[in-house]
Structure formats: structure tokens, C-alpha cells
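Me: I'm new to this structure and would like to learn how to read it. Could you walk me through a few features, one at a time?

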Amino acid sequence: MSFINPCHRGLAYGDGYMQGDGQLGHLVSLAGNDLFSVNTDPEVRSFGILIKDYAGGEMPGIYCNGGVYETDVFEGTINPGDDLKVSATGKLTGGNIGNDEFVIAQAISVQSGVLKFKLLI
């Protein structure tokens, strides 16, 4: 089962609603007034990361405004110190950061399939 654990939590925003479904660990962006959707575009600014699974229309819990977290929800090869962005499926991923892409987090460690990261949004 997927998880996201706050090691040193930032703000947890819990107001607004989901436009479409989102899963634990998905990054979300603003879709309207207090309306969020899963972000799948690294050139769109993310608002935060979902605390658990949410159906469209539900009020989500979103980690945002910094903190240190660990999760098994990410894609690709990530090394300590890597800048992280959103993937095409809405998860954290490493790789080259393009000129118009937003850095979401910074990797602290990756051990046994668990990513520890500093959230920058």
C-alpha cells in the first residue's frame, strides 16, 4: 500500500474541492477558486501533494508550504540532492528541469524504495 509520512510537516491545507479523482502522493494544482486537480504538467505550478486518495468533489487534505516527507510514490531514478518535478502521471520525479518547469521538491535520500524529500511548495 502506498504511503506518505510527514517527518517534519509544513502546512496541511484542507479547504476546497477536487476536480476529478486524485491519489495519495499526487501533486495538485489550482483549477479554480478552491478547486484542485492532479497536476501532470511540470510547466504548471503545483499547489501541494495529496495526503490520501480523494474522489472528485471531495475536500482534500494537501501538504503544502514546506516540510520534510517520505513516500514510496515517485517515478524514475532519483538521487540525494536531485531537484524534483511533477511527472506526466502527477507523481514526483527527477531528471533535467527545463527552463519553464517548476521544481517541487529536493531529494534527501532514497533507500529501499522510499524517497525522503523536502517539499518546496
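**Reading strands, a loop, rings and cores**

Reply: Happy to. Let's start with a pair of residues on facing strands: serine 29 stands opposite serine 37 in S4. Keep in mind that this is a predicted model.

Me: How many bridges join S3 to S4, and in which sense do they run?

Reply: Four bridges join them, and the two strands run antiparallel, with S4 covering residues 35-38. Look at the turn too: this hairpin has two residues between its strands, and aspartate 34 takes a positive phi near 50 degrees there.

Me: Now a loop. Where is asparagine 39 placed, and is asparagine 39 buried or exposed?

Reply: For burial, you check relative accessible area: under 20% is called buried. Asparagine 39 sits in the loop between S4 and S5, and its relative accessibility is 2%, so it counts as buried.

Me: How do I read aromatic pairs, and how many does the structure hold?

Reply: You describe a pair of aromatic rings by the distance of the centres and the angle of the planes. There are five aromatic pairs in this structure. Take phenylalanine 36 and phenylalanine 47: the centres are 5.0 Å apart, with 45 degrees between the planes, and the pair is tilted.

Me: Why does that pair tie together parts that are apart in sequence?

Reply: Because phenylalanine 36 lies in strand S4 while phenylalanine 47 lies in the loop between S4 and S5, the pair ties together parts eleven residues apart in sequence. Phenylalanine 36 is buried, at 1% relative accessible area, whereas phenylalanine 47 is partly exposed at 24%.

Me: What about the rings of tyrosine 63 and tyrosine 69?

Reply: Their centres are 4.7 Å apart and their planes are at 40 degrees, so that pair is tilted. Tyrosine 63 is buried at 7% relative accessibility, and tyrosine 69 is buried at 0%. Ring pairs also make a cluster out of Tyr13, Phe36 and Phe47.

Me: Last one: which residues touch the most other members in the largest nonpolar core?

Reply: In soluble globular proteins, nonpolar side chains tend to be buried together. The largest core here has 19 residues, and those touching the most other members are Ile49, Leu84, Leu92, Leu115, Phe117 and Leu119. Strands S6, S8, S10 and S11 each supply at least two residues of this core, and S11 gives the most, with three.

Me: What does isoleucine 49 touch?

Reply: Not counting residues up to four places away in sequence, isoleucine 49 touches Ile4, Leu27, Tyr63, Leu92, Phe117 and Leu119, among others. There's a second, separate core of six residues as well, including Met18, Phe36, Leu50 and Ile62.

Note on methods
Residues numbered from 1 in each chain as written. Predicted model: local features only at pLDDT ≥ 70, side-chain atom pairs only at ≥ 80, totals over all residues. Heavy atoms only, no water. Pairing = 2+ DSSP bridges. Buried < 20%, exposed > 50% of the residue type's maximum accessible area, 1.4 Å probe, protein only. Phe/Tyr/Trp six-rings, centres within 6.5 Å; stacked < 30°, edge-to-face > 60°. Core = buried A, V, L, I, M, F, W, Y, C linked by side-chain atoms within 4.5 Å. Contact = heavy atoms within 4.5 Å.
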